[in-house]
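Subject: Predicted model for you to look over

Hello,

Here is the structure I said I would pass on. My notes on it follow below.

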Amino acid sequence: MSGADIAVVHVLELDLFPEDAWSEEMLRGELAAQPGTRHYVVAQASGGEIVGYAGLAAAGGQADVQTIGVRADRRKSGIGAALLRELLDEASRRGSDAVFLEVRADNDSARRLYERFGFDAVGLRKRYYQPSNVDAIVMCRKLRERPAMGFTRENT
C-alpha cells in the first residue's frame with residue numbers, strides 16, 4: 001500500500017467498518033511507519049482496482065494484525081486468506097515469535113478464517129468495538145517457540 005492508495009482504501013474502510021472506520025489521517029500515520037514497524041498491502045483485481053487491504057505492526061518479536069478488509073462482493077474468493085498469508089509471511093520475515101489480532105465476537109466468518117490459519121482465542125476485550133459495544137476476541141498464532149527466559153526450577 002502506498003499513499004496513492006489511501007483515498008480508495010478509506011472509501012472501502014468506511015463501507016466495511018462504518019461504526020469504527022479509521023480516518024484518512026490514521027491510515028497515513030500507519031503508512032508513515034512503513035517499513036519500520038508496519039507492513040501494509042492491497043489486493044487488486046485484474047484491472048488494478050483495489051478490492052482488499054491489510055496491515056501488520058511488528059516490533060520486539062511480536063506482530064499484530066492491524067486490519068484486514070475485503071470488498072463485500074469479493075468475499076469468499078480467497079482474497080482475505082491471501083492477505084492474511086502475506087501478513088504472516090511478513091511477521092516471519094521480521095522474526096516475530098507470535099501474531100496477535102482482535103476480531104469482533106459477532107464476525108463468525110473472520111473467526112473461521114483465523115482459526116483455519118492456526119489462531120487460537122486467548123482473551124476477550126469486553127465492549128471493545130464502539131459505539132456498538134461488541135466484544136473483541138483476542139487471538140494468537142505462535143510462529144516459533146521462544147526459549148524459557150530467567151530462572152527455572154532446574155537452575156534455582
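Arg-71 sits in the loop between β3 (62–70) and α3 (79–93). Helices (H or I, at least four residues) and strands (E, at least two) are DSSP runs, numbered from the N terminus. Keep in mind that this is a predicted model, in which local features need pLDDT of at least 70, side-chain atom pairs count only at pLDDT 80 or more, and totals for chains, interfaces and linings use all residues. Residues are numbered from 1 along each chain as its sequence is written, and side-chain values use heavy atoms, with hydrogens and water left out.

Is Arg-71 buried or exposed? Its relative accessibility is 17%, so Arg-71 counts as buried. The cut-offs: buried is under 20% relative accessible area, exposed is over 50%, and partly exposed is in between (1.4 Å probe, protein chains only). Setting aside neighbours within four places in sequence, Arg-71 contacts Leu-12, Leu-16, Glu-49, Ile-50 and Val-51. Contact means heavy atoms within 4.5 Å.

**Nonpolar cores**

A nonpolar core here is a set of buried Ala, Val, Leu, Ile, Met, Phe, Trp, Tyr and Cys residues joined through side-chain atoms within 4.5 Å. The largest one has 28 residues. Leu-84, Tyr-114 and Phe-119 touch the most other members. At least two residues of this core come from each of β1 (38–44), β2 (50–59), β3, α3, β4 (98–104), α4 (108–116) and β6 (134–142). The biggest contributor is α3, with seven residues.

Which residues does Leu-84 touch? Not counting residues up to four places away in sequence, they are Val-65, Ile-68, Leu-113, Tyr-114, Phe-117 and Phe-119. There is also a second, separate core of 11 residues. Among its members are Met-1, Leu-16, Leu-31 and Tyr-40.

**Largest pocket**

The largest pocket has a volume of about 1200 Å³. On a 1 Å grid over the protein atoms alone, a pocket is an open set of points where a 1.4 Å probe fits, with protein on both sides within 12 Å along at least five of seven lines; lining residues have an atom within 4 Å of a point. Grid points are joined across faces, edges and corners, and the volume is the space filled by probe spheres set on the points.

The lining has 36 residues. Closest to the centre are Phe-17, Ile-68, Asn-107, Ala-110 and Tyr-114. At least two lining residues come from each of α1 (6–16), β3, α3, β4, α4 and β5 (120–129). β3 gives the most, with seven residues. By class, the lining has 17 nonpolar, eight polar and 11 charged residues. Ala, Val, Leu, Ile, Met, Phe, Trp, Tyr, Cys and Pro count as nonpolar, Asp, Glu, Lys and Arg as charged, and the others, Gly among them, as polar.

**Aromatic pairs**

Rings of Phe, Tyr and Trp (its six-membered ring) pair if their centres lie within 6.5 Å; planes under 30 degrees apart are stacked, over 60 edge-to-face, and the rest tilted. That rule gives two aromatic pairs. Tyr-114 and Phe-119 form one, edge-to-face, at 5.9 Å centre to centre with 65° between the planes. Tyr-114 and Phe-119 are both buried.

The rings of Tyr-128 and Tyr-129 have centres 5.0 Å apart and planes at 85°, so this pair is edge-to-face. Tyr-128 is partly exposed, at 40% relative accessible area. Tyr-129 counts as buried because its relative accessibility is 13%.

**Backbone points to check**

Most residues other than glycine have a negative phi, and most peptide bonds are trans. Here are the exceptions I noted.

- The peptide bond from Gln-34 to Pro-35 is cis, with omega near 10°. Pro-35 lies in the loop between α2 (24–32) and β1.
- Gln-130 and Pro-131 are joined by a cis peptide bond, with omega about 15°. Pro-131 is in the loop between β5 and β6.
- Lys-76 has a positive phi, near 65°. Lys-76 lies in the loop between β3 and α3 and counts as exposed, at 77% relative accessibility.
- Arg-127 has a positive phi, near 50°. Arg-127 lies in strand β5.

Best wishes
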